[in-house]
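Open the model in your viewer and get ready to select residues. This tour visits charged side chains, pair by pair.

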Amino acid sequence: MKKIEAIIRPFVLTDVRKALEVLDVQEITTFEAMMYPFQNSYKEQHRGASYEMDFLPMIKVEIVADENRVEAIIEAIGVAAAMNQAGGGKVDVLNIERVV
């Protein structure tokens, strides 16, 4: 078993969920997350005031799957979340010894 952890932009969560439904992924867990970009920070405007954002709001998606499904899941997340673009997110894959 493998655990797939994807950090994605919040506005692509629905697209990622739909892409995972096509693969018959039964369960996903999501968390709000903040990501510190190693590129430059960016500026936001709120009520006429400009301020610099150091951390970007993101969503963390966790999926536990059989090893033979991992590559298809990673591909689906990557396409749906447009991870080939700067700031598109990242995916980590970890070993799972036991699921209870």
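Select E21 and R17 to begin: they form a salt bridge, with the closest N and O atoms 2.6 Å apart. A salt bridge here is a side-chain nitrogen of Lys or Arg within 4 Å of a carboxyl oxygen of Asp or Glu. This is a predicted model, where local features need pLDDT of at least 70, side-chain atom pairs count only at pLDDT 80 or more, and totals for chains, interfaces and linings use all residues. Residues are numbered from 1 along each chain as its sequence is written, and side-chain values use heavy atoms, leaving out hydrogens and water.

E21 and R17 both sit in helix α1 (residues 13–22), four residues apart, about one turn of the helix. Helices are DSSP runs of H or I, at least four residues, numbered from the N terminus.

Buried means under 20% relative accessible area, exposed over 50%, and partly exposed in between (1.4 Å probe, protein chains only). E21 is partly exposed at 48%. R17 is partly exposed at 36%.

Next, select E62 and K60. Their salt bridge has its closest N and O atoms 3.3 Å apart. Is E62 buried or exposed? E62 is buried, at 16%. K60 is partly exposed, at 23%.

Move on to K90 and D92. Their side chains meet in a salt bridge, 3.3 Å from N to O. K90 is partly exposed at 39%, and D92 is partly exposed at 29%.

Finally, select K3, E5, K60 and E62 together. Salt bridges with shared partners join these four into one network. The count comes to six salt bridges.

Key
Helix = DSSP H or I, 4+ residues; strand = E, 2+ residues; numbered from the N terminus.
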